Amino acid sequence: MRFVINGEDFVADIDPRTSVLDLLREHAGLYGAKKGCNQGACGACTVLVDGERILSCLALAVQYEARSITTIEGLSENGVLHPLQQAFIEHDGFQCGYCTPGQICSAIGMAAEMRRGIPSRVTADLSAEPIALTPDELRERMSGNLCRCGAYNGIVEAISEVFVEAAQ
Ligand code: FES
Ligand code: FES
């Protein structure tokens with residue numbers, strides 16, 4: 001099967017039951033996306049596909065042939081970290097770091113959802129354009145990404161700096 005991972009073609013002879021997460025970790029040698037629960041409950045495996053966030057542990061790789069898969073390893077450019085990666089460092093948005101790749105990919109996907117006007121459970125004004133990333137919106141939209149270290153304050157600060165303050 002033929003994939004596009006972080007902008008590069010990747011061909012793998014895999015079992016059709018292989019998940020995107022196992023494709024990345026066991027075949028492509030990309031260990032950024034983490035296997036936390038392997039059942040869609042923790043968000044540690046979050047990656048981007050054509051800019052949309054997915055839980056890679058629940059996704060069959062065969063369904064993502066020729067789609068553009070981006071992992072945490074693909075976010076930096078020419079050795080320069082993505083602004084959100086840098087913000088996580090500056091705001092201490094992690095402790096052990098296990099959840100961090102998923103948090104960052106998820107937040108980037110979340111920001112794209114906001115730009116597309118996709119409402120969440122807590123969106124009060126469904127006609128608002130664009131939807132404001134309020135603290136409630138941020139917490140609701142990132143609620144699928146758990147952090148066992150409880151680094152939530154730093155995570156929220158980092159995401160706010162990049163996607164809330166930058167929009168003001
Ligand atoms: S490993 Fe995919 S959601 Fe937990
Ligand atoms: S930093 Fe350890 S789980 Fe989030």
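Leaving aside neighbours within four places in sequence, T46 is in contact (heavy atoms within 4.5 Å) with R53, I54, L55, P101, G102, C105, S106 and N145. This is a predicted model, in which local features need pLDDT of at least 70 and side-chain atom pairs count only at pLDDT 80 or more, while totals for chains, interfaces and linings use all residues. Residues are numbered from 1 along each chain as its sequence is written, chains are lettered from A and ligands numbered from 1 in the order in which they are written, and side-chain values use heavy atoms, with hydrogens and water left out.

T46 itself belongs to strand β3, where helices (H or I, at least four residues) and strands (E, at least two) are DSSP runs, numbered from the N terminus. With a relative accessible area of 4%, T46 is buried; buried means under 20% relative accessible area, exposed over 50%, and partly exposed in between, with a 1.4 Å probe and protein chains only. A polar atom of the T46 side chain lies 2.7 Å from the backbone oxygen of G43.

Not counting residues up to four places away in sequence, S56 touches S19, V20, L21, C45 and V47. A polar atom of the S56 side chain also lies 2.7 Å from the backbone oxygen of C45. K34 is 22 residues from S56 in sequence, and the two C-alpha atoms are 9.4 Å apart in space.

Just after α1 comes G29, with a positive phi of about 70 degrees.

Helix α3 (residues 100–115) has 16 residues and reaches 23 Å from its first C-alpha to its last, close to the 22 Å expected at 1.5 Å a residue, the expected span being 1.5 Å times one less than the number of residues. Because 15 of the 16 residues of α3 are buried, this helix is largely enclosed by the rest of the structure. G117, which follows α3, has a positive phi near 75 degrees.

The packing of the helices comes next. Two packed helices are described by the angle between their axes and the distance between the axes. Here axes are lines fitted to C-alpha atoms, for helices over the stretch in contact, and angles run from 0 to 180 degrees between N-to-C directions. Helices α2 and α3 pack at an angle of about 130 degrees, with their axes 10 Å apart. That angle makes α2 oblique to α3; angles under 35 degrees count as roughly parallel, over 145 as roughly antiparallel, 65 to 115 as roughly perpendicular and the rest as oblique. The crossing of α2 past α3 is right-handed, a crossing being left-handed if the near helix is turned anticlockwise from the far one by less than a right angle, and right-handed if clockwise. In this packing, L84, Q85 and F88 of α2 meet T100, Q103, I104, A107 and I108 of α3.

Helix α2 (residues 83–90) also packs with helix α5 (residues 152–163), their axes coming within 8 Å and crossing at roughly 140 degrees. This makes α2 oblique to α5, and the crossing is right-handed. On the α2 side the contact is made by P83, L84, A87, F88 and E90, and on the α5 side by I155, A158, I159, E161, V162 and F163.

I155 of helix α5 is buried at 4% relative accessibility. Beyond residues up to four places away in sequence, I155 touches F88, G93, Q103 and C147. I155 and A107 are 48 residues apart in sequence, and their C-alpha atoms lie 9.7 Å apart in space.

Most residues other than glycine have a negative phi. N6, in the loop between β1 (2–5) and β2 (8–11), has a positive phi of about 50 degrees although it is not a glycine, and at 24% relative accessibility N6 counts as partly exposed. N78, in the loop between β5 and α2, has a positive phi near 50 degrees, and at 80% relative accessibility N78 counts as exposed.

Notes
Polar contact = N/O pair within 3.5 Å; in protein donor to acceptor, adjacent residues only side chain to side chain.
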